[in-house]
Amino acid sequence: MGDSKKYVTAEELKKHNKREDLWISVQGKVYNVTDWVKQHPGGDIPLLNLAGQEATDAFIAFHPGTAWKHLDNFFTGYYLQDYEVSEVSRDYRKLCVDFAKAGLFEKKGHGVMYSFYFIGFLLFLTFYGVIFSDSFLIHMLSGALLGLSWMQISYLGHDSGHYLIMTNKGFNKMVQIMSGNCLTGISIAWWKWTHNAHHVACNSLDYDPDLQHLPVFAVSSSLFKSLNSTFYGRELTFDSLAKFFVSYQHFTFYPIICVSRVNLFVQTLLLLFSRRKVPDRFLNILGIMVFWTWFPLLVFALPNWTERVLFVLTSFAVTGIQHVQFCLNHFAADVYVGQPKGNDWFEKQTAGTIDIDCSPKMDWFFGGLQFQLEHHLFPRLPRCQLRKVSPIVQELCKKHNLPYKSVSFFEANRWTIRTLRTAAMQARGLLWEAVNTHG
């Protein structure tokens with residue numbers, strides 16, 4: 001008896017790559033997710049970025065086993081012709097299955113409870129130092145502690161965005177709003193929107209928002225071509241102002257990072273008050289209002305404007321260490337231009353990430369994200385498991401001759417500044433060429 005299955009070719013699948021006509025393939029079965037994209041919990045960006053493609057590895061990375069049963073609702077009846085699985089993907093999928101059987105995705109340890117206690121202690125010391133001390137040094141130390149607490153809160157919010165850290169989804173959402181909106185002033189809705197896009201399109205210059213920082217920073221001369229950002233839906237204009245800023249970016253990187261939190265506040269407000277569909281918009285806005293109530297009150301509890309300004313700058317500078325870390329994980333890694341591909345998931349993650357080599361005693365400080373490749377490959381894996389699986393990931397990279405980049409915090413900084421300086425020198429050449437041409 002002949003094969004009664006109906007097939008579509010990869011070229012035919014590619015034609016269904018628009019919001020109003022969106023198909024994907026998972027394990028060779030083709031699904032129509034056109035209607036689902038509007039209510040997809042991870043947002044529309046991941047599906048749009050992988051539209052018209054085979055996306056099994058990405059699906060496995062982001063979804064628990066319980067999600068598979070929902071796929072049948074979208075099955076078109078077609079199968080992908082000549083569907084093949086590379087050796088890298090085969091080994092990656094086997095690892096996912098092995099980790100699931102070992103219960104690693106469910107074993108979260110006691111890290112969440114420890115984080116709650118630690119964050120509470122830091123905030124207590126911050127408020128106590130501001131309200132009950134007249135010492136300038138104590139006030140500045142309180143600002144530093146607030147910055148440190150924001151770092152820890154962000155790690156907790158990050159964890160809750162990737163997997164359930166509480167007993168149910170309701171409590172998990174509450175933690176997200178509390179940790180993101182109420183305590184840091186950064187919307188969890190904004191974070192999910194950008195972060196999911198970053199994971200799917202890791203280090204794509206035109207798809208990954210985490211590399212789109214013009215006119216201030218450019219990690220590659222490819223950005224000098226004024227690429228179109230598919231994420232923001234606008235051109236990343238490389239004009240004379242951008243040339244000037246980028247020409248000195250290796251000098252301005254750390255000073256700008258010290259106040260980069262302001263940009264996150266602005267981005268949050270732009271999203272929440274935009275026309276874009278925002279999940280739980282009211283809760284997000286309410287949470288932001290909570291932050292902009294307690295934070296100004298705390299700052300104005302200080303005796304004079306000098307201390308108020310220095311307190312804010314100190315808190316921003318300390319939490320800026322976290323922003324630096326995020327840059328170290330990607331700025332000096334390989335970049336590319338174009339849509340992410342579903343059939344080279346493992347390869348793209350290894351190329352676009354850099355791990356930070358540190359002592360286990362420093363895991364709390366980096367929030368587990370020093371294992372950036374491990375996190376990108378297994379985003380649902382609790383942070384307490386990332387160090388355990390790191391040797392396994394290294395072996396798999398070695399087996400398939402793929403890069404596993406892990407360097408010290410100092411060396412990662414050096415790599416990042418070198419990358420920024422290289423692009424700066426190229427931009428400076430264009431800048432002086434423009435000056436000489438136009439006088």
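Modeller: A salt bridge here is a side-chain nitrogen of Lys or Arg within 4 Å of a carboxyl oxygen of Asp or Glu. This is a predicted model, in which local features need pLDDT of at least 70 and side-chain atom pairs count only at pLDDT 80 or more, while totals for chains, interfaces and linings use all residues. Residues are numbered from 1 along each chain as its sequence is written, and side-chain values use heavy atoms, with hydrogens and water left out.

Biologist: How many salt bridges does the structure hold?

Modeller: One of them joins the side chains of K399 and D91, with 2.8 Å from N to O. For the structure, the number of salt bridges is 14.

Biologist: How many residues apart in sequence are the parts that K399 and D91 tie together?

Modeller: Helices (H or I, at least four residues) and strands (E, at least two) are DSSP runs, numbered from the N terminus. The K399 and D91 side chains form a salt bridge. Because K399 lies in helix α18 (residues 383-399) and D91 in helix α5 (residues 87-101), the pair ties together parts whose separation in sequence is 308 residues.

Biologist: Which residue is linked with R19 and D44 in a network of salt bridges?

Modeller: D44 and R19 form a salt bridge whose closest N and O atoms are 3.0 Å apart. The network links R19 and D44 with R276.
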